[in-house]
Amino acid sequence: EVCNMINKKYNEFLPSMQSAEDLVSQVDGLSSNIDLLKAGIENEVQRDLNVAVAEFTELKQQLERDTLVLSVLKKLQEFDTAIKEYNTALLEKKYVIAAQQLEKARSNLKTLESRRGFELKILKALGTELTVQTQNMLYHLGEEWQKLAVWKLPPSKESGGLEAVRHSELHLRTVLSKEEEVTGPPVAAVLQALAVLGELHTKLKSFGQLLLKYILKPLILYPSLQPVTEEQPDGFILRFNSEEPSLDHSSPVEVFDKIKLIFEVLHRYLLNVPLEQPVEDTKERRVVLAELLGDMIWEELSDCLIQNCLVNSIPTNSSKLGQYIEVIKSTEEFEKALKDKQFLKGDTTNLLKYARNVNSHFANKKCQDVIVAARNLMTSEIHNTVKITPNSCIALPRLPHPGAGDLLEAQKPSEPLHHDRVNLEQETHLSRYTFALPTCRISSAVEKLMELAYQTLSEATTSTDQCCIQLFYSVRNIFQLFYDVVPTYHRSNLQKLPQLAAIHHNNCMYIAHHLLTLGHQFRYRLTNILCDGAATFVDLVPGFRRLGMECFLAQMRVQKGEILERLSSARNFSNMDDEENYCAANKAIRQVLHQLKRLGKVWQDVLPLNVYCKAMGTLLNTALSEIITRIAALEDISAEDADRLYCLCRTMVEEGPQVFTPLPEDDQNKKYQEEVPVYVQKWMTFKELMIILQANLQEIVDQWADGKGPLAAEFSAAEVKSLIRALFQNTERRAAALAKIK
């Protein structure tokens, strides 16, 4: 039964195994077929696919090359067409079309040259051809341009000045001859063609410079030039006539009218040309030739108008400022006319801003003129003088009284005092000359300088606030400039020439005198800005006084030095019994007196009386003091020495006062010569020395009078004893006399 079971199971399993083996054999067969197919694909199909891809790539590259060649050929064709059309247009003198075709050819050539890896030898030849044709075109346009605007200029050697400018002419051709006639205006065609080729800027710049040099600037610089326009059948001539000018400078109104005439002519015949053809499908504004020329020359023309026309038209007097409105209006009209002709664009230009800012320019110009005038006065000769007396006053315009309610008005009594009122004032009054400047001589230039200061301040009172401030500080600058310039500029003369030093001293004192009240005199008329204590010149007064004193004292030191140097050759006044020594001393005394007399003459009628007397007294005192010191220092004086020393001293006493000649009239000088002891400190000392030289011992003792006599007032006991020992021999009488001197 088990065996049957096994057999049964085996019999059932066997077919299944056989079918599985069949399946395995089928799978093996299928697998081998797949391997064969795979090998076939890898060996044959892949190769064919690679070949196909390579062929496709090659075809694609060939297509690209063919497309590129085609585009290059198309560009070459366009270049060739453009050149042909250019030649045709040039022959027909259709310059704009010719220029546009040239630019089209240039654009095509640039496109060709920009393709990398595709260089053609022909491109170089095409570039050369394009350059040749461009130059040919420019040559033709240049010829046409020269026909359009013909300049007739003077020879180069006459290229400056009015005479040369008078012979300058500009011919503008407006109509072509019949054989040259073309469609469209010839001027526009030539100019547009130049614009297309990018050469118009160069031509126009050259034209603009000639226009400035030979037409516009001369009209500004030379008032006598008048522009003359002459129409002819085929054109227009612009030339000049010369008339006798009424003024040194043209008025802005006249200049603007002349220049407007020039631009009207140019606009009508040359400048009213749109420069570029409008591009299709855009609405770009055409640029007009006038605008381009304006951009090139307006700045230079504007500067020339300002510097050579408007600057000269600025009033020099504030009363004329109101009339300047005409110039401002004329400037506005001038700019409007240029804008209407498209020569100008945009907002207000520097020209109009300058004209409208007249108040500032007036102040600047006035201040500059004042400073220049002041400096010219300061550098003029000092020795040209005028006499100043206490009655002298500056020539001033009459200043109006301060307004109602001012202190001055309030202080004035409205009616005379009644007789029954008690007058409490003291009967004595100050002299009207108490605070006056004493009589002296000052430089005429300084008097004019002070008049300039007063006139400028007077003008400031009627000016605008800003102008008033500028003018006030200009006057201050005048005096500060004087302080710095005069001592430096005239240094050499002030050191060498005593008269100039004296005049400079007077000048400084004169200025200081006026500065004390200069600001005060205008205090009610200057603006509120300056009224708060700022409108003053008092702070400058000490500096000017010091400046004058230092200069004069320096000259005094020089003169003192010369006196002492001359007296140093007197051999100490010793051994006067020796003829040679006496002659040397006498010569020294004579030289000193001569020097003092010369100074007395050069300072005569120049220095104020008190200054003159003090100065001469100081110098004479220097000489006397030196002589006293030298004689008092002698150890031995013989009788003959004493006589001769007395003679020398007598010469000084007799002739010394005669150096005091402050006034030209001799009879008026006696008063000052008699007052010598007042100005010469050592005068009485010197006279006492002369007494000693001639006195005996008893007389000397009497003069001493126990230290109470006149001799004791001038000499010390030691000095008197020294002189006694030098004059008298050693005796009992001398010893007794010496004992009494104590």
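**Notebook: patches, bridges and a helix face**

I started with F13, which counts as partly exposed at 48% relative accessibility (buried means under 20% relative accessible area, exposed over 50%, partly exposed in between, with a 1.4 Å probe and protein chains only). The model is predicted, so I kept in mind that local features need pLDDT of at least 70, side-chain atom pairs count only at pLDDT 80 or more, and totals for chains, interfaces and linings use all residues. Residues are numbered from 1 along each chain as its sequence is written, and side-chain values use heavy atoms, with hydrogens and water left out.

**Entry on helix α1.** I found F13 in helix α1 (residues 2-91); helices are DSSP runs of H or I, at least four residues, numbered from the N terminus.

**Entry on salt bridges.** I looked up the salt bridges (a side-chain nitrogen of Lys or Arg within 4 Å of a carboxyl oxygen of Asp or Glu), and the count comes to 14. I picked E579 and R644, whose side chains meet at 2.9 Å, N to O. This pair links distant parts of the chain, with E579 in helix α19 (residues 579-602) and R644 in helix α21 (residues 639-655), 65 residues apart. E579 is partly exposed at 45%, while R644 is buried at 18%.

Next I checked D257 and K260, which form a salt bridge at 3.8 Å, N to O. They sit 3 residues apart in helix α7 (residues 252-271), so about one helical turn separates them. I noted D257 as partly exposed at 43% and K260 as buried at 18%.

I also saw R650 bridged to E654, with the closest N and O atoms 3.8 Å apart. Finally, K387, R441 and D605 turned up linked in a network of salt bridges.

**Entry on N669.** I found N669 in helix α22 (residues 666-674), buried with a relative accessible area of 0%. A polar atom of the N669 side chain lies 2.8 Å from the backbone oxygen of L663. Leaving aside neighbours within four places in sequence, N669 is in contact (heavy atoms within 4.5 Å) with F660, T661, P662 and L663.

**Entry on helix α28.** Which residues of α28 are buried? In this helix (residues 732-740), I found R734, A737 and L738 buried. Seen down the axis of α28, the buried residues fall within an arc of 100° (taken from the directions from the helix axis to the C-beta atoms), so they line one face of the helix. The face turned away carries the exposed residues E732 and R733. I noted that α25 (697-704) and α27 (717-727) are included in what covers the buried residues of α28.

How values were computed:
Helices (H or I, at least four residues) and strands (E, at least two) are DSSP runs, numbered from the N terminus. A polar contact is a pair of N or O atoms within 3.5 Å; within protein, one must be able to donate a hydrogen and the other to accept it, and residues adjacent in sequence count only if both atoms are side-chain atoms.
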